[in-house]
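Let's take it piece by piece.

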Amino acid sequence: MLSKVKSCGLLGINGYVVEVETDISSGIPSFEIVGLGDVAVKESKERVRAAIRNTGLEFPAKRITINLAPANLRKEGSSFDLAAAVGIMAATNQIFNTMLDKYMFIGELSLNGEVKPVRGVLPMAMCALKNGIEYLIINHENADEAAIVKGISVLPVKNLQEVVEHLNGEREIWAHFTDTDAVFNENKVYDVDFADVKGQNNVKRALEIAASGSHNCILIGSPGSGKTMLARRLPTILPALSFEEAMEVTKIHSIAGLLPLRTPLITYRPFRSPHHTISATSLVGGGKNPKPGEVSLAHYGVLFLDEIPEFSKEALEVLRQPLEDGMVTISRLNASIQYPAQVMLVCAANPCKCGNLLDESKMCTCTPKQIQQYLGRLSGPLLDRIDIHIEVASVKYNELCNIKEEEKSSSIRSRVSKARKIQLERYKGLSIYSNSQLQPAMIERFCKIDEKGRRLMKDAFEKLGLSARAHHRILKVSRTIADIDGSEDIKPCHLAEAIQYRSLDRFFGSNLKKHW
Amino acid sequence: MTEDMKYWVWLSTLPGIGSKRSEQLMELFGSPRNLWYSKRQELEKVHFLTREMIEQIISYPLKVLAQKHMETIHKHNIKVIRIIDESYPLLLKNIYDPPMVIYVRGTLSADEKAIAFVGSRNATAYGNTIAELLAGEVARRGITVVSGLARGIDSSAHEGALKSGGRTIAVLGCGPDIAYPPDNQDLMERIIHSGAVISEYAPGTPPLRGNFPARNRIISGLSMGVTVVEAGEKSGSLITAEFALEQGREVFAVPGNVNSRNSKGTNKLIKEGAKIVTNVKDILEELNGVDLLDLLEEESCHKNEEICDNDVYPIFTEEEIKIINCLSNDPLHIDIISVNSGLDIQNVSSNLSMLEIKGLVEQIPGKMFRLRK
């Protein structure tokens, strides 16, 4: 007897339908699962056998072969347990249902027959919808997440017993409902705010510009100056996620197993801050059983690399491609997996080895050579990705007591959103969405400057010691400043402000000698 | 350069035999030449000579080395001035322990009017600026600036003197043919051209740690007064101030921010009686024989008045003027400029760029800005 039951596998952040074919024939009793399953899939046999028996059903003493099709793709995890059990019972007529092809079964089985939750349910539900599945049988803990997808019936179950009874027409299971709109529009209140930071107006302005144009930036400041505090607040001024964006972010977190409890949908911009000892694989994704890396978990959000000079060369090297393409491509036998990685990169660094160079109340104990070397070793290719350099000064005590009202994130965010909208309009039809993504050829077209501006740039380069790589970057940043200003044209004042964000070119690393 | 020089050079390289002992030996033997040719028996009769010292005096290799030094001296055109020479600086002769021989590259006169500028190697922008400014003002009035060619304050002082076209002398803690720190090679060349590089150490002597405190006595010895511009609690420049006191020279100190670790030494000196310097006048009025009429002319450039005179300066916008009025020679952070000028931060940023390009404003790491001289 042969039965076919549907389940779902994951490739990258998307699901694909797995046909669980069960064949039962006479012969010496055996139970094999084929189809390139990993260890968890192989161990499935024991779980399925015990679950079926403990549900009071009959486990056939025959030759059982289960195939997970397509057989040339690697299958991972325990989510096929439920489908395998259903397949066996369908093949032995313990389940009698003519509409099995309208169902998809996802779940791990406990030895006593309980159905357990799995990761990656959201992409699986989306896959089910795409492939004409009408009923999705899933653990009730996964139900909230799955029911975000409209158009299929999500039937939550607790154990194998319920599944069998339902399929045999003996039990009604109501479709689970998640109020997607409510979840999405729920008051997205971050627990931090730009107003928490006193003063630092220059830094806040620079971050506003970075957020508006999605420009990668670097914060340079002594320990305790507030670099980390400010970086953490950056997501609060980024425009809200659209529904599609929220879905993508949720998918990635779901397959990484990082979806918080009772959060079927992630509606805030991610903020990932990996420690500088992170390996290249963890940063970018991959590994034996490929998982998304930090850069993908930060998709549509902020990737914060604190103490950037301490990161390994290898880790920074693998970061280049995703920053360039907005996605990570991992090659595996038989398949190429892609994880999205459109992030805003924020780096932070001390100005020198001891950290005290920019702190007026402390003494810097570095030799001039050490100062030159510390930031001087940030690689060219990495710096090429960073449009805005921000110096964070240590805030003096009396400034902390300043009573003036600080501007709230929500107010800054509305300016940022406006600027972003202008960019979306401008780049409609092209494959980019922000000024930071402009390639040199496009800069010619979209960042035109007048004669006064050209003269200003020339003077600035001659007198201020800017490096050649700064030219395009200044134009891109000026374009964003003009957008925030609501100006169609890039005026000299926009250029002049953009010039202020090139500190690394002028003052740190190999250029320090001139000024000391 | 006489043959005789060789013996003097050799004498100055004898370890353990400083100026006091050398003097006594000269009294006994008459000249370094006689000492060179003396025999062991004669030397053993001298009560203050230890066995090691006798070995050094007799040592053949040391004598060969002296010959080598003469070659280097000829090659680099180094002048050897002995304490008996007329050209030996008067002020230096009168200290407790003057060097028997000084090696000079450049020009040196016996009666230079000089002021020393010393301070921390890890100076702040404030210290470096003041050193350059004060040294420049002093040098402009014909007074030689003496310092040690070290990083930080010393270098800034030398640069200040050179910039204003004046004279400067660098006293080294190593041979006169060696540039230490190496980054100051170029500075040293320029000083040789318009001043002098001096050392009591024979050519080839490396910059050993112990040489520096000793050379500090020469820095103060050559000067009428020593100005400590910026020094932390444990700065070597405080040793120079000590020597100055012993030698009866004036000690000047520039005050600093109470919070600044880099000024703890200088502020302490002021507390202990050093003369406080906030203006070059403070130094000049302590010196006899300096034409004080000079002081009545041109005030230094610490202008803080409103700059609205469009005839004198290039045309500035109203916003630029607001910003200029907030600035001084002391660096100010951009956020504070914004608050003080009443302009919002983006206007301040763009205007500062314009002012930097126009050459009026200088930016320093940490988003600090000040008026350029």
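## Two helices crossing

Helix 7 and helix 16 of chain A cross in a right-handed way, meaning that the near helix is turned clockwise from the far one by less than a right angle. Helix 7 covers residues 201-213 and helix 16 covers residues 409-426, and their axes come within 8 Å and cross at roughly 40 degrees. (Axes are lines fitted to C-alpha atoms, for helices over the stretch in contact, with angles running from 0 to 180 degrees between N-to-C directions; helices are DSSP runs of H or I with at least four residues, strands are E runs of at least two, and both are numbered from the N terminus.)

On the helix 7 side you'll find E208(A), A211(A) and S212(A), which meet I412(A), R415(A), V416(A), A419(A) and R420(A) of helix 16. Contact here is a matter of C-beta atoms, placed from the backbone, lying within 7 Å. The residues split into 4 nonpolar, 1 polar and 3 charged, where Ala, Val, Leu, Ile, Met, Phe, Trp, Tyr, Cys and Pro count as nonpolar, Asp, Glu, Lys and Arg as charged, and the others, Gly among them, as polar.

## Ground rules

This is a predicted model, with local features needing pLDDT of at least 70 and side-chain atom pairs counting only at pLDDT 80 or more, while totals for chains, interfaces and linings use all residues. Residues are numbered from 1 along each chain as its sequence is written, and chains are lettered from A and ligands numbered from 1 in the order in which they are written.

## A three-stranded sheet

Chain A has an open sheet of 3 strands in the order 5-8-9, with parallel pairing; strands pair if DSSP finds at least two bridges between them. Strand 5 (103-105) and strand 9 (153-157) each have a single partner strand, so one side of each is left without a neighbour in the sheet. On average, neighbouring strands are turned by 25 degrees against each other, direction ignored.

Strand 8 (residues 135-139) pairs with strand 9 over 5 bridges, and I138(A) has P156(A) as its bridge partner.

Strand 1 (residues 2-11) and strand 2 (residues 14-25) of chain A are antiparallel, with 10 bridges. They form a hairpin with 2 residues between them, and G12(A) in the turn has a positive phi of about 65 degrees. K6(A) stands opposite E19(A) in strand 2.

## Where the chains touch

The contact takes 24 residues from chain B and 28 from chain A. Helix 18 (345-357) of chain B gives the largest share of its chain's side, 9 residues.

Key: Two residues are in contact if their C-beta atoms, placed from the backbone, lie within 7 Å.
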